[in-house]
Amino acid sequence: MQGTAQKGTVYLVGAGPGDPDLLTLRASRLLASADVVLYDDLVPDAVLALCGEQVERTSVGKRCGQPRTTQTGIHRLMIDNARAKKSVVRLKSGDPLVFGRAAEELAALYEAEIPVEIVPGISAVFAAGAAMQLPLTDRRSASRLVLVAGHHASDKTAAPPLWTGVLPPDATLAIYMPGRDPAAIAAELRRAGIPDDMPCVAISRAATPQQQVQAARLHSFAQLSFGASPVLVLVGRAMESALV
Ligand SMILES: C[S@@+](CC[C@H](N)C(=O)[O-])C[C@H]1O[C@@H](n2cnc3c(N)ncnc32)[C@H](O)[C@@H]1O
């Protein structure tokens, strides 16, 4: 079959936002044919159900700073399985190159001289925009799309600010891993020079049957309470229609 997983190769594969219909055909062929799948916590059972019967599945998820397997342990699992002539899918939510530690994993695989292929997935920002019918850019109001990480779960004390300097007024800002405190996000947005009337949207479990959306202008954003994780926050004039 075209596109089946090759022995000795590691595939960094995007699982999309959680709906199996939003996987690429390439991802689903690799899941069907791989020997080993190493997956993150955000990958739901409905996606894992596409794994072939032969697949040895291992959860290597990290959540709330509690790693099930260390990052070095994940590198070891990928490398050892590939050297044992197994085909390995490293399955990550969304797109593997967006806030997914791909840089570290690629560096480890290159150093070990393991063949690697990257299969893109639908990142949370695109899934959320589509599910809510919200354009992320709009030539009248938003000509940039900025993706930022709200916090680094494994090293909370060193969390950098969302943004330094003043945010361009024509940007749509997508905040991944926003944490659980809307007041803290609102304060950061104000510090970045965002005006009080800016539309802000918090989307919980985008593109899944459990999706929940909350929207407010920045002056009221602190009063929202985020839905269940994972949550993505979108900020910008292009989000205006979410407020009606
Ligand atoms: C470690 S990052 C991984 C991002 C992923 N690689 C991507 O491209 O979407 C995890 C964050 O992605 C966001 N996220 C992932 N899936 C989501 C979903 N279905 N709905 C809302 N946010 C999601 C959340 O902000 C979550 O904290």
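Modeller: A residue counts as buried when its relative accessible area is under 20%. The model discussed here is predicted.

Colleague: What percentage of the 244 residues of the protein count as buried?

Modeller: The cut-off for buried is under 20% relative accessible area. Applied to the 244 residues of the protein, it gives a buried share of 47%.

Colleague: Is serine 123 buried or exposed?

Modeller: Serine 123 sits in the loop between E7 and helix H5 (124–132). Leaving aside residues up to four places away in sequence, serine 123 touches Gly94, Asp95, Val98 and Tyr176. Its relative accessible area is 3%. Buried means under 20%, so serine 123 is buried.

Colleague: How is the protein divided, and how far apart do the C-alpha centres of domain 1 and domain 2 lie?

Modeller: Domain 1 covers 10–119, and domain 2 covers 124–243. Between the C-alpha centres of these two domains the distance is 27 Å.

Colleague: What does the C-alpha trace span along its principal axes?

Modeller: Of the contacts with a separation of 6 or more, 69% are between residues 24 or more positions apart. The accessible surface comes to about 11,900 Å², and carbon and sulfur atoms hold 52% of that. Along the principal axes, the C-alpha trace spans about 55 × 35 × 30 Å.

Colleague: Which strands are the edge strands of the open sheet?

Modeller: The open sheet has five strands, with parallel pairing, in the order E3-E2-E6-E1-E7. An edge strand here pairs on one side only, which is the case for strand E3 (56–59) and strand E7 (116–119). From one strand to the next, the twist averages 20 degrees. The edge strands are therefore E3 and E7.

Colleague: Which residue of E3 is the bridge partner of valine 37?

Modeller: Strand E2 (residues 36–39) and E3 run parallel and are joined by four bridges. On the E3 side, the partner of valine 37 is arginine 57.

Colleague: At about what angle to E1 does helix H4 run?

Modeller: Helix H1 (residues 25–33) lies across strand E1 (10–14), E2, strand E6 (88–92) and E7, at about 130 degrees to E1. Helix H4 (residues 102–111) lies across E1, E6 and E7. Its angle to E1 is about 165 degrees.

Conventions: Residues are numbered from 1 along each chain as its sequence is written. This is a predicted model: local features need pLDDT of at least 70, side-chain atom pairs count only at pLDDT 80 or more; totals for chains, interfaces and linings use all residues. Side-chain values use heavy atoms; hydrogens and water are left out. Domain bounds come from an automatic or database domain assignment. Two strands pair if DSSP finds at least two bridges between them. Helices (H or I, at least four residues) and strands (E, at least two) are DSSP runs, numbered from the N terminus. Axes are lines fitted to C-alpha atoms, for helices over the stretch in contact, and angles run from 0 to 180 degrees between N-to-C directions. Contact means heavy atoms within 4.5 Å. Buried means under 20% relative accessible area, exposed over 50%, partly exposed in between (1.4 Å probe, protein chains only). Accessible areas come from the Shrake-Rupley method with a 1.4 Å probe; for residues, only the protein chains shown count as cover.
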